Amino acid sequence: MTGTPAAMDKRVTFKGLWLPLLLVLPQIVITAVFFFYPAGQAIWQSLYIPDPFGLSMKFVGLGNFEYLLGDPYYRASFLTTAVFSVLVTVVSMGVALWLAVLADRLIKGSGTYRTLLIWPYAVAPAVAGVLWLFMFNTRVGVVTWYLGVLGYDWNHVLNDNEAMGLVVIASAWGRISYNFLFFLAGLQSIPRSVIEAAAIDGARFWTRFRTIVFPLLSPTTFFLLVVNVVYAFFETFGVIHTITSGGPQQATTILVYKVYADGFVGQDLGSSAAQSVILLAIVSVLTIIQFRFVERRVHY
Amino acid sequence: MTGRDALAAETPPVKAPGADHDGMVERRGAGLWLTHLGLIVGLLFIFFPIWLAFVASTISQPEIARPPMPLLPGDQFIENYTRALTSGINAPVALMLGNSLVMALGIAFGKIAISLLSAFAIVYFRFPGRQLFFWLIFLTLMLPVEVRIVPTYEVVAGFGMLNSYSGLIFPLIASATATFLFRQFFMTVPDELAEAARVDGARPMRFFFDILLPMSRTNIAALFVILFIYGWNQYLWPLLITTDPSMNTIVMGIKQMFPSGDDIADWPVIMATSILAMIPPVIVVVGMQRLFIRGLVESEK
């Protein structure tokens with residue numbers, strides 16, 4: 001990836017003015033109508049509130065933002081999102097790294113495990129949500145029943161922490177494949193000779209992992225950290241919506257869910273737009289971190 | 001573990017040239033079995049929810065309603081799947097599968113087509129506004145649809161595209177990730193090819209169709225896998241714009257099958273639908289595994 005997109009140019013080009021414009025036209029029209037206009041609208045709407053009858057819009061400047069930042073529910077949602085994304089990232093990356101380290105130790109068969117582990121990537125977050133909801137359903141769930149036998153009364157419909165735990169596991173579960181693929185590729189690119197040299201010096205497995213493998217894997221790890229946080233922020237809507245619908249109370253209402261709940265269910269357009277703009281700022285920061293990091297990864 | 005490592009350390013450090021993946025850090029004996037055991041535990045964790053869903057889709061509602069449900073498949077497979085596909089709960093699942101297929105293919109082909117054309121234009125032509133165009137598409141890399149749902153919904157509603165395939169597809173192809181990837185690839189295509197085409201008097205589109213497109217086959221296929229899964233697994237967007245059950249996609253339709261009140265859900269049909277919702281993307285991923293991994297690694301770069 002080049003730093004400035006125009007850094008490289010083709011030496012040989014074709015002549016023509018109308019043809020290239022015609023070629024970019026479909027993309028320009030579609031992105032203008034379905035991307036730039038709505039994004040502009042989100043920014044514009046965030047500065048207004050509709051009057052009680054919905055007839056006109058009143059300019060409030062940064063009022064919506066001030067209101068949001070003072071709103072305990074919004075602040076709670078921020079905290080919920082932070083806890084949720086940290087947990088999803090740690091669980092999915094932890095399990096994936098563990099499996100990748102094991103698969104990397106195999107000379108034969110790591111390909112088979114890869115094939116077996118890769119396909120949950122294709123399971124939609126919303127479907128993953130339904131699967132886990134079924135296992136932990138308060139009435140018919142198998143896991144709930146066995147937990148009951150062990151004397152634990154599982155009820156994620158009423159218990160905040162259990163609800164959070166369930167959406168975290170369901171979200172992390174579907175993400176393991178992706179992280180596993182990248183970790184395995186990272187591990188396999190570490191030169192064997194380096195690890196063998198350490199082994200000759202008498203370094204045990206855990207020592208080798210801590211002092212050589214993990215540091216050499218750090219570009220992959222940082223990359224996955226950013227990508228997983230983005231995933232937890234934006235792509236887990238389906239999991240939350242199918243399992244808890246943001247509840248109990250607001251215990252699992254992450255920021256993206258709140259944009260939906262306030263904008264579509266609550267019809268509070270100004271607030272929802274302001275939330276979109278805040279999210280937009282968060283994605284931009286994450287994207288910049290990702291690009292800067294990818295830059296570093298290339299030159300590592 | 002320790003014994004094996006000690007053993008490994010005693011092995012002479014001779015390594016055959018070219019044999020880069022075997023050597024003395026190789027696992028043997030008990031360690032090998034522990035490694036397999038660890039992987040199998042991981043696999044069970046991954047597979048268990050899917051296995052349960054499959055079992056639930058082959059037994060009857062009373063068997064599920066009296067927990068614990070059995071852990072081995074029953075004999076209601078054909079009944080449950082037939083019921084799901086032909087009548088479903090709000091709409092036949094066969095219809096929802098069709099909607100998902102149209103949406104996923106529309107997104108994959110649509111995005112690939114517009115991206116190929118515009119990448120060709122920005123790499124092989126100099127035209128006014130090229131720089132501006134480039135920065136505009138760069139901006140779109142940043143914003144997932146979730147962030148701008150309310151205004152995008154208003155645009156789609158304004159065009160009368162609610163409950164339509166175009167409403168499902170267009171907003172999701174309005175980003176330039178694919179343009180970016182094709183541009184990166186076109187930059188690596190040797191200049192001599194375009195030069196030769198120009199000397200031969202070939203028109204630009206002729207060069208595009210006869211040379212560039214065939215050369216991009218692998219990249220197109222890899223991107224197709226990623227985009228197909230992306231499109232198939234969409235949830236929030238279809239949830240907003242398909243209020244008519246006959247336009248529901250299967251992934252968002254599952255949640256709609258749950259009763260709103262206190263009634264018990266029709267789990268066998270819901271689980272059969274969940275399994276059906278997984279099959280097409282799983283086939284694509286497993287069947288095109290190599291391309292998929294390549295597409296994944298490249299689209300994240």
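**Exercise 1.** Describe how α1(A) and α7(B) pack, giving the angle between them and the distance between their axes.

*Solution.* In this predicted model, local features need pLDDT of at least 70 and side-chain atom pairs count only at pLDDT 80 or more, while totals for chains, interfaces and linings use all residues. Residues are numbered from 1 along each chain as its sequence is written, and chains are lettered from A and ligands numbered from 1 in the order in which they are written.

Step 1: helices are DSSP runs of H or I with at least four residues, strands are runs of E with at least two, and both are numbered from the N terminus. Axes are lines fitted to C-alpha atoms, for helices over the stretch in contact, and angles run from 0 to 180 degrees between N-to-C directions. The axes of α1(A) and α7(B) lie 8 Å apart, at an angle of about 125°.

Step 2: this angle makes α1(A) oblique to α7(B), since angles under 35 degrees count as roughly parallel, over 145 as roughly antiparallel, 65 to 115 as roughly perpendicular and the rest as oblique.

Step 3: contact requires C-beta atoms, placed from the backbone, within 7 Å. On the side of α7(B), the contact is made by Pro151(B), Thr152(B) and Val155(B), and the residues of α1(A) that take part include Phe34(A), Tyr37(A) and Gln41(A).

**Exercise 2.** Explain why α8 of chain B is largely enclosed by the rest of the structure.

*Solution.* Step 1: a residue is buried if 20 or more other C-beta atoms lie within 10 Å of its own, exposed if 12 or fewer, and partly exposed in between, with C-beta atoms placed from the backbone.

Step 2: the helix spans residues 165-173, and because seven of its nine residues are buried, it is largely enclosed. Among the buried residues of α8(B) are Gly167(B), Phe170(B) and Ile173(B).

Step 3: the cover over these buried residues includes α1 of chain A, together with α5, α7, α12 and α13 of chain B.

**Exercise 3.** Find where Gln249(A) and Asn163(B) are placed, and decide whether Gln249(A) and Asn163(B) are buried, partly exposed or exposed.

*Solution.* Step 1: Gln249(A) sits in the loop between α12 and α13 of chain A, and although it is not a glycine, its phi is positive, about 55°. With 11 other C-beta atoms within 10 Å, Gln249(A) is exposed.

Step 2: Asn163(B) belongs to the loop between α7 and α8 of chain B, and its phi is also positive, near 55°. Asn163(B) has 15 other C-beta atoms within 10 Å and is therefore partly exposed.

How values were computed
Two residues are in contact if their C-beta atoms, placed from the backbone, lie within 7 Å.
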